[in-house]
Amino acid sequence: MNSKLTVKRVYLKIVKLLVLIILFPNLLHAQNDTINYNLGFYGLASTGNYAPFWLQSNQHGKISSNPLSAGLMAGIEKDFSSRKSLFHYGFKADLLIQTDPQATQIYFHELYGKARFLVFDLIMGSREENLGNQDSTLSCGGLLLSRNARPMPKITIGIEHFIPVPFSYGFLEVKGAVAHGWFNNTTYNTGVFLHHKYLYGRIGGNLPVHLQYGLDHVAQWGGNILGQNQSQQPQGLRDYVSIFLGKSGSSDALTTDQINALGNHIISQSMRLDIDISNFKIGAYWQNVNEDGPIKYLWLSKNKPDGLWGISIRNKHFPFIQALVYEFLNTTDQSGPYHDRDGLIYGGADSYFNNSVYQTGWSYYSRSLGTPFISSPLYNNNGYPGFLNNRVQVHHFGIEGSVLGYNYKLLSSLSKNYGRYDYPYPKMIQNTSMLLEVNKQFPKLLNLEVGCSVGGDFGELYGNSLGCMISIRKTGNLFHY
């Protein structure tokens, strides 16, 4: 045997052994500490034509709107390590089996990988997100981006958490990211892309008062458009630049997109003020949407009566009532009732979340990507793919706390619904939606978390309904028993 070849093989074996000796303890430690599993089941039964609003809204699309449904979920997850390091990675895979009398679906509800180098994040795949400045658990949902629809496959690059700006001594913080996504639901429009970018700034540092301002820009673009003479929308690199900058389309775009901006654009401004007083944290926030340019500040905007206003009060030492939230949502103005009249352009009748080219509008799998109170297409009995009720006023209340180890959440929402400017309801329709949710952890019973939720709708919008949902969930470390 060749002596040089033998020596080379020996060196290779030594190197492999050294790598295993160095890495194996770290890999084993990572497995034991950070790779978790989850198993869950829910069963829902209710009266009425639809499951009660708050039993199936803002649930990331996991709960069917059918009055009878069940679901089973199983998955594994690795989050970023808490240890200081220049590089972190994580992943998650959740398989969902969702069934009701009409259909059974089996799909990966979440499936993504993520990495962080220094402060920069890269995420690839479908992931549940909680975007916006609204209260994280009791809100009725962000105006532009809520938790109402199932996760969309995306590639996101940016800084997802606030970081201090150099030389500002922590007083000024920023975050921002750019995402490219795919509307892979194939109803009416196919191959449509999502563009989303955001930039947020916050001042306050170590002070008890923080002020935050943010700007979100989303757009639907590209894809095949049914019913158009030119079915394939432009989607090259030059077109992406136009989408990014909100510019008009080139000669190969639809005529309307050559006159206006290419694609379907929505921009949202938001502000939040947080004050820490003793054991209380008080937050006040505002969000709006604009579908016409140029974008102006609140006091100059044509649709300034519209928006989401909220106040959140949280305390650290009184468990019975840990948080209170009140929100007011208004989308009835929409820059006025007329887009054009008698030869004059007024720029009104914005018809939030609807678009003449992208017929399913700002929805994903028939659920609104924004506030669920702009009624999702799944409620359209006539099969219309867009939004038939986008002029609404909502008063929303939320409260949560813990009593004797039982965690509870109570939501109550009163909405007034007017339809659309071009297709108004014959009369205003009032609807009340309520939810009581109770969860408890049982450490001695396989560490199960058991939940019971009771919800109801009262009014003509969705019809009267009353329902109950039971859930059982178990989480743990994949390598600890």
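Quick housekeeping. Residues count from 1 along each chain as its sequence is written, and side-chain values use heavy atoms, with hydrogens and water left out. Since this is a prediction, local features need pLDDT of at least 70 and side-chain atom pairs count only at pLDDT 80 or more, while totals for chains, interfaces and linings use all residues.

Okay, strands. Helices (H or I, at least four residues) and strands (E, at least two) are DSSP runs, numbered from the N terminus, and two strands pair if DSSP finds at least two bridges between them. Take β6, residues 153–164: six bridges join it to β5, residues 120–126, and the two run antiparallel. Met-124 faces Ile-155 of β6 there. β6 also runs antiparallel to β7, residues 172–183, with eight bridges; look for Ile-157 opposite Val-178.

Now, how many salt bridges do we get? The count is 15, taking a salt bridge as a side-chain nitrogen of Lys or Arg within 4 Å of a carboxyl oxygen of Asp or Glu. My pick is Glu-128 with Lys-62, where the closest N and O atoms are 3.4 Å apart. That pair links distant parts of the chain, 66 residues apart: Glu-128 sits in the loop between β5 and β6, Lys-62 in the loop between α2 and β2.

On burial, we call a residue buried under 20% relative accessible area, exposed over 50%, and partly exposed in between (1.4 Å probe, protein chains only). Glu-128 is partly exposed at 24%, and Lys-62 is too, at 23%. Asp-121 bridges to Arg-116 at 2.6 Å between the closest N and O atoms, and Asp-121 is buried at 3%. Then there's Glu-129 with Arg-127, 3.0 Å from N to O; Glu-129 is buried at 19% and Arg-127 is buried at 16%. Finally, Glu-77, Lys-92, Asp-94 and Glu-110 form a salt-bridge network.

Which non-glycine has a positive phi of about 55°? That's Asn-58, in the loop between α2 (53–56) and β2 (68–78), and it counts as buried because its relative accessibility is 8%. Tyr-365 also has a positive phi, about 50°; it lies in the loop between β18 (363–364) and β19 (367–368) and is partly exposed at 33%.

Last stop, the surface. There's a nonpolar patch of about 990 Å², with Ile-277, Phe-280 and Ile-311 among its residues. Ile-311 belongs to β14, residues 307–315, and is partly exposed at 37%. Patch residues have over 30% relative accessible area and no salt bridge; nonpolar side chains (Val, Leu, Ile, Met, Phe, Trp, Tyr) are joined within 5 Å, like charges within 9 Å. Areas are Shrake-Rupley with a 1.4 Å probe, and for residues only the protein chains shown count as cover.
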